Amino acid sequence: MIIAEQKPLDEILEMISGVEKLLVLGCRGCVAVCSTGGDKEVGVLASALRLGRKKAGKPIEIDEATYVRQCDPEYLEPLKEDGEKYDAVLSMACGVGVNFIADRCPDVNVLPALNTTFYGANLSSGEWAEMCAGCGACVLHLTGGLCPVARCAKSLSNGPCGGSVGGRCEINPDVPCIWHQICEKLTGRKQDQLLREIVPIRDWRPSGHGGPRRRIREDLLP
Amino acid sequence: MISGSNLEQVLTSGQFTVTGELGPPQNGNFDVVRDKARILKGHVDAVNITDCQTAIVRMSSLTAGLVALAEGVEPVMQMTCRDRNRIGIQSDILGASALGIKNLLCLTGDHQKFGNHPQAKGVFDMDSIQLLGMVKAMRDDKKFQCGDEIKSHEPRLLLGAAANPFADPFEYRPIRVAKKVDAGASFIQTQIIYNVEKFARFMEIVRDLGLHEKVYILAGVTPPKSVGMARYMKKFVPGLDVTDEVIERLKGAKDPKEEGINICVDIIKQVREIPGVAGVHVMAIGWEQAVPEIVSLAGLSPRPGAQAVEPRLRSSESTELIVSEAKKDAKAEIEKALEQAKAEAQASRDLVVKEKERVTSEISGLKRQAEKDKAIAGQKETEIERLNAELAKTRAGQGHAQALKELAEKRESRALSSRERSALASLRSGLEALSKGLGINEDQLEALRRFFEAEFLLRLDTAEQVTVPSEEAAVPIEEMEKPDAEAETRHKEVINLVAKGNVLLHKNDAAGAIDAFEKALAIEPEEQKASEGLKKARKAYEIARPAEEAAAPEGIPPCPEGLSPEEWQRKWVIRLVARGNVCLHKGDADGALEAFKLALELDPGDEKAKAGLLRAESGEVAPVPVPAEPEVPEKAEVPPTPKPRAAPVTEEVKAEAKKVVPVPAAPTGMEDLSVAELPKEARSLSERAGSIAEDQFTEACTGVIREVSLDEGEKALTVGGASTLPFHLFEGDMPYVPRVAYDVLDSEPEDWPDVLSKYYSDVLSDPVAWARKCIDDYGAEAICLSLVSTDPNGMNRPSSEAAKVAQSVIEGVDVPMILWGCGNAEKDTETLREVTNLVGNRKVCLGPLSDANYRSLGATAMAFQLPVVASTPIDVNLAKQLNILLENLGLSLDQVLMDTSIGAVGYGMEYSYSVMERIRLAALTQQDEKLQVPFICNLGREVWKTKECRLPSDDHLGDQERRGVLMEAVTASTLLLAGGELMVMMHPKAVALAEALIKGMMG
């Protein structure tokens, strides 16, 4: 899932400094699951903004709403008209939602309430970690299911660098060395031959370095 | 050649390579790079130019590399993947190649997090292995990474990579090296090594993978500048293993910088020993000044001259620099030549001045002499007149007075020639001597007169060459002839002789005087003055002789330099006693008697000499036993049972035209291995040398090897004492013959070849019986009990048990014993201490003492006054150091035997020989007191574990026993010639051969 985190309150207040009527718009997709942009977080953020503006002597009118998803056009239909009533719409969806609103509702002043961070998993309550870089050229079958592109600080392809000590990454002891784990896993599975083969230089185009990516499936096209 | 770089040439030449490192500055200062390059120039084969190391922005490696190149220092350009994608990297590589860079080190690069721009986007378009592959393809396949062709001028770079043996997972590290090699690396530089042991394990896997044959591995080292730096690296640099030992050394050091350099040098020396290490990479970033010292201390300088280091770009400054340097060189050369010419001129000027002075002084000397002569001549003339007058009065009637008068007249009538003047001067001085020494009395005056007359007459009559009258010259009168008055001549001769006698007597040469007087009496027996003189002379002689004897006792060679006469006499007595002992040993009772008597004359109180004399007088002479071949049953498969023989058997057999005293022949092809006597050279060395003076071929030694006694009592042995190189008996003495001890194992040997074990087959399981057999059957003079059973890696018998076995052997034999531990320092300490507790006062020799246990065992040896064996690896300095340590401990070197480690023939013998020879030369000719210690050579064990002693008999290699015996005997011979004093051997036949050699060499 996409993991995001709320921007600092001051930054948001700064963003809406000239706004007098605001819609805080949540999303029940990924951001709701990672407890950043669902119904509950919409309520909390709206209250915080009201208080902040009140304290600054510039009270604000804020409405709250949460859509099923902000990344599918059908759910955004109502906003095309409703949005115009507000000076700004503060989206609590991931960056995709913000972009999509901007695309679909040209007359709406959409603002981001969150920083979209990574594709990750929920390690435990309140803890998420990156597991995928969306690089578009998956090599997990060669690495025991563990992603060196997303999980190695240098996205190495050919084994751990010289900074790997005791299974930890040199950039931070809290970070496990994913290549150490890959080595152990492949050796344990008697697939260590994979560790001896030289992985050629990557084609980074699928990961976005070839320009904005778009995917088309003919069979599903209208 | 891949790139033809200097680094590549040094690496491929097989020399131990040294690379350095240069960190470019964090600014645009050209001079910084140039200055660092100048420090490193000539001390390393190539220099790594780092590429923004630890992700801190610095001058680019390409630029700094070009500056270094312009200074004549070959750069290894570092290239990371952090800051450039494949487009940037390939572009820089083309540029580098164009400008003459020939080495490239391919790195992934430190993560930007560590640097001063942690916000930077890390590129990491590829990793180091992919980078290697890409550059290799550019070079070898002439293709860019995308596959496009490089149409010409492809970059020719020697590629290197890094490896970190201390990163995890450890087992994967060598595999990653293999990947780098496969990808294109020709050399590898490792992370900084402090933990050499771990690096050695890494190298072991590297060798197992065969990588050391595919790639040159350079071990990374860095001198720690301070404790703080070492601690920082240990704590904060991931993948760097700084050992506690390094931190402790720095902590304890007075000068941490110097210690840091020492640590670095030590590590270089250690890694150099690891197989597969082709060189070192010295990283002293920010401390480049240390590199020349490190390289030199590590014994790696000078470096081979740099080749193919040619910058393509030259700044005008560097051109000027080159020109100015060339000028400087030329100027220096000219100045040198000028200096030399000046010195030569000065020298010749000095010579002229000196010559002038010499000539002047000569002339003035001659002038003085002439004046003196003139004066003397004047005196003489008056003297002659006076004598003439006297003569005329007393002997007017005698013919020769007339003659004399005539002569005097004649003399007056002509001028004196210079020769005559000098003759007169001599006469005058003779006269003075006589009148002073004896007082003027009439007889003497008369003698003088006659002497004077006779001489003068003779000279004038023969009118030939003048013999300068002196006491020596008086004798040749005999040869002269005076035809008309024979009796008179004889008379004159007698007078001359008497005069001579008196002069000699006056000079305290009583013997010469006696001789002269006796000659005089022989001519004229009645001559009174002569017989009186003779009496006087004899008396003087009697008085003088005792004093002379006290000053230089008869029979003692002159005292060598560096010794007082007392010391020399004491030494000489010891040698005489030793010579006597040797004679006894050889069966030469007369020689022994003579030696002991001489010794007692010099020192009547010497106990050893007395004891020896008693033995010599009682005719007690040691027989030389010959080992008997055990009887081998006809079928070879059955292990042979040796049958002890009561007495040695000898018979004469001719072999190779030598006189041979063989042991009974065995049916195994051993016939010609019998103990032969060495053919003796009948003529002495000086005879053989012919007319060559002795001092041309002899070289006396000034040092003396210490004497070490093993055991006490009748069978005690002493070794050492040599004052010459081994067997150079024409130059000095070897008072004690080299000895052989039999090796006895304290547990049954499992892997002995049959050809050896058959000699002991009935006693192998019983060390006491074994030792007795060596003594009784084979005539062993000493036993070395090897405590092999105590080895913790073998049987690991407890010390207490082993000590009991040793005790029973020690108590069961009466010859000197050497106890030789298993070589494990701790266990040996335990076992040998246990033994000394059990056997108390028996003076067994303990060994081996190493640097690990010399304190504990040395203390034991001091407490019980036991001799010890000081064992060191084959090295002069280590041997000396251990001796010094033992002496510092309080142990006298008179108790020490040196074991410098032995290799059998074909197994490092040349090292053993060379080290022993060097030690002996230092001891004898350089008076290195710490090395004046006898050698013990435990060689049997080394010989009999070799392949050559273990392969069975076959047509190609011949008989196994013969082979083994010869191996052992030749090893022993070599060690004897190197100076070995005590051999520890195994095969009785080899022992017999060695002893025959000793006997032959000792004459």
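## Two cis prolines

Pro848(B) sits in strand β16 of chain B, a stretch that covers residues 845-849. This is a predicted model, so keep that in mind as you look around. The peptide bond that leads from Gly847(B) into Pro848(B) is cis, with omega near -10 degrees.

Chain B has another cis bond to look at, from Asp168(B) to Pro169(B), and here omega is near -15 degrees. Where is Pro169(B) found? Look in the loop between β5 (158-163) and α6 of chain B.

## Chain B as a whole

Let's zoom out for a moment. Chain B contains 34 helices and 20 strands. Of its 1003 residues, 42% are buried. Now take the contacts in chain B between residues at least 6 apart in sequence: 71% of these join residues at least 24 apart.

## Two positive phi angles

Ala55(B) isn't a glycine, yet its phi is positive, at about 55 degrees. You'll find Ala55(B) in the loop that runs between β2 (46-49) and α3 (61-70) of chain B. His153(B) is not a glycine either, and it has a positive phi of about 55 degrees.

## A buried alanine and a helix

Next stop: Ala578(B), which belongs to helix α19 (residues 565-586) of chain B. Why does Ala578(B) count as buried? Because it has 23 C-beta neighbours inside 10 Å. Leaving out residues up to four places away in sequence, Ala578(B) touches Gly721(B), Pro735(B) and Tyr736(B). Check Val737(B) too: it is 159 residues from Ala578(B) in sequence, but the two C-alpha atoms are 9.1 Å apart in space.

Helix α25 of chain B, residues 767-776, has several buried residues: Pro767(B), Trp770(B), Ala771(B), Lys773(B), Cys774(B) and Ile775(B). An α-helix has 3.6 residues a turn, so residues three or four places apart point the same way. What do the buried residues of α25(B) pack against? Their partners are β13 (739-745), β14 (783-786) and α26 (799-812) of chain B.

## Where the chains meet

Now for the place where chain B meets chain A. Here 29 residues of chain B are in contact with 25 residues of chain A. On chain B's side, the elements that give two or more residues are α5 (128-141) and α6 (172-183). Which one gives the most? That's α6(B), with seven residues. By type, chain B's side splits into 12 nonpolar, nine polar and eight charged residues.

## A sheet in chain A

Finally, hop over to chain A, where three strands form an open sheet in the order β1-β6-β7, with antiparallel pairing. Its edge strands are β1 (2-6) and β7 (127-132) of chain A, each pairing on one side only. From one strand to the next, the twist averages 70 degrees.

Strand β6 of chain A (residues 114-124) pairs with β7(A) in the antiparallel sense over five bridges. Which residue of β7(A) is the bridge partner of Ala121(A)? It's Ala129(A).

Methods: Residues are numbered from 1 along each chain as its sequence is written. Chains are lettered from A and ligands numbered from 1 in the order in which they are written. This is a predicted model: local features need pLDDT of at least 70, side-chain atom pairs count only at pLDDT 80 or more; totals for chains, interfaces and linings use all residues. Two residues are in contact if their C-beta atoms, placed from the backbone, lie within 7 Å. Helices (H or I, at least four residues) and strands (E, at least two) are DSSP runs, numbered from the N terminus. Ala, Val, Leu, Ile, Met, Phe, Trp, Tyr, Cys and Pro count as nonpolar, Asp, Glu, Lys and Arg as charged, and the others, Gly among them, as polar. A residue is buried if 20 or more other C-beta atoms lie within 10 Å of its own, exposed if 12 or fewer, and partly exposed in between; C-beta atoms are placed from the backbone. Two strands pair if DSSP finds at least two bridges between them. Axes are lines fitted to C-alpha atoms, for helices over the stretch in contact, and angles run from 0 to 180 degrees between N-to-C directions.
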